[in-house]
Amino acid sequence: MPEFPKTAAEAASQAAGYLFQLRYGLYRALKRIIRDPTGSIAVERVDDIAGSSGQALIEIAQLKHTTNSATTFNDLSPAIWRTIGNWSRLVAAPNELNLATLELLFVTNAAVDKCSGISRLRSAENNRDPGFALTSLNAAAIKSDNQVTKKDRQDFLALESAVQAALVRAIQIIENSPNLDALGPEIEDLVHYACESASLTEFRAELEGWWFDRIAQAFSQGNGLVIPLVEVEARISYLREKYKIGALQIDVENPTENPDSLDSYLFARQVLSVKSTEQRLRNAQRDFLKASAQRSKWLREAKIDPIELDKYDQNLAERWTTQSAIIWNELAEGCSDNDKCKSGRKILGWAETQETPLRGASAQFLTSGSYHTLADRLRLGWHPDYKKLFGG
């Protein structure tokens with residue numbers, strides 16, 4: 001392999017900063033999808049990264065990535081004043097920004113001087129004190145004679161005092177953020193539900209490739225980019241199908257807990273409410289224990305997402321609704337409790353013998369035990385009057 005001249009440290013650091021910006025944009029998009037999937041993420045429009053909800057701008061992020069582990073920011077740092085100057089000019093211009101709801105993020109993988117005013121603007125600190133930070137920044141702006149930051153400091157000082165205070169209140173300093181390399185695993189954590197763990201790095205690489213390509217297209221035309229979060233979500237859905245998670249395996253060990261220890265559980269009382277035999281009660285308790293153990297094992301090993309389990313339970317509940325309506329429809333008006341119990345035992349018997357697969361995993365105890373779990377939560381029951389009997 002031929003030898004190449006070494007790249008200047010400054011050029012390498014700048015390249016890392018650009019890549020950090022692109023990767024951080026995807027990271028913020030994935031975070032925002034959780035809170036507001038109808039929003040959007042902008043790259044190089046208002047600032048490095050910006051987020052919106054509907055038509056309202058709600059988040060602006062300035063990123064400062066460094067490859068120098070000794071870097072520390074304080075109230076006199078040019079990077080701090082360049083950022084505050086940009087934000088000062090932004091809020092001074094005619095626009096519809098609402099500083100009461102806008103988050104101004106200064107994100108860096110470096111540290112912040114603990115004695116500085118900006119240290120009191122950390123996002124989730126108990127000693128967050130925007131008033132102290134404002135006083136400190138004003139003092140630094142007046143005291144400094146740095147020609148590099150002169151324009152930025154002047155623009156900040158030119159703001160009305162109320163606007164200055166609102167601006168500083170909106171600032172959140174996020175120090176020691178994951179660096180370029182560490183952001184990869186952070187992104188993987190946010191999309192872990194979409195594929196098996198063995199494919200997670202490859203999945204993230206494909207998602208990033210699509211993201212970088214979308215941004216490159218916009219940049220080649222000299223424009224910043226606004227990407228609706230639904231577009232990111234659609235890409236994840238596409239890749240999720242491509243990396244479709246394999247079938248689940250029934251691999252639970254027999255529970256060591258005795259079934260009769262569950263006699264006081266609501267699902268057990270529901271079984272008894274229709275005058276079932278002792279053996280049917282023990283069967284229900286056994287299936288409940290095994291299904292609970294299997295479901296917990298899948299969750300613990302990250303083989304299934306809680307949302308998928310919720311959908312499975314919803315499917316079972318819908319099947320019960322159909323079956324119970326058919327059987328209870330045959331009850332005569334004013335029928336005896338014995339007749340009601342008999343119809344309840346029919347529905348219970350139906351649930352005891354079902355095998356509804358969950359992503360390829362099929363077992364009688366899994367379906368029956370899941371039905372008893374739903375009965376324990378009073379989402380369904382066997383006696384026609386189960387809600388009245390158990391307070392639902």
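Helices (H or I, at least four residues) and strands (E, at least two) are DSSP runs, numbered from the N terminus. The model is predicted, so local features need pLDDT of at least 70 and side-chain atom pairs count only at pLDDT 80 or more, whereas totals for chains, interfaces and linings use all residues. Residues are numbered from 1 along each chain as its sequence is written, and side-chain values use heavy atoms, with hydrogens and water left out.

**View 1. Asp-313 in helix α11.** Asp-313 is buried, at a relative accessible area of 1%; buried means under 20%, exposed over 50%, and partly exposed in between (1.4 Å probe, protein chains only). Beyond its neighbours within four places in sequence, Asp-313 is in contact (heavy atoms within 4.5 Å) with Arg-295, Ser-370, Leu-374, Arg-377 and Arg-379.

**View 2. The largest nonpolar core, of 38 residues.** A nonpolar core is a set of buried Ala, Val, Leu, Ile, Met, Phe, Trp, Tyr and Cys residues joined through side-chain atoms within 4.5 Å. Trp-320, Leu-358, Tyr-371 and Trp-382 have the most contacts inside this core. Helices that each supply at least two of its residues include α9 (266-273), α11 (306-328) and α13 (364-376). The largest share, 6 residues, comes from α10.

**View 3. The surroundings of Trp-382.** Apart from neighbours within four places in sequence, the contacts of Trp-382 include Gln-270, Trp-320, Trp-328, Ile-347, Tyr-371 and His-372.

**View 4. Ala-12 in helix α1 (residues 9-35).** Ala-12 is partly exposed, with 36% relative accessibility. Ala-12 and Thr-67 are 55 residues apart in sequence, and their C-alpha atoms are 8.7 Å apart in space.
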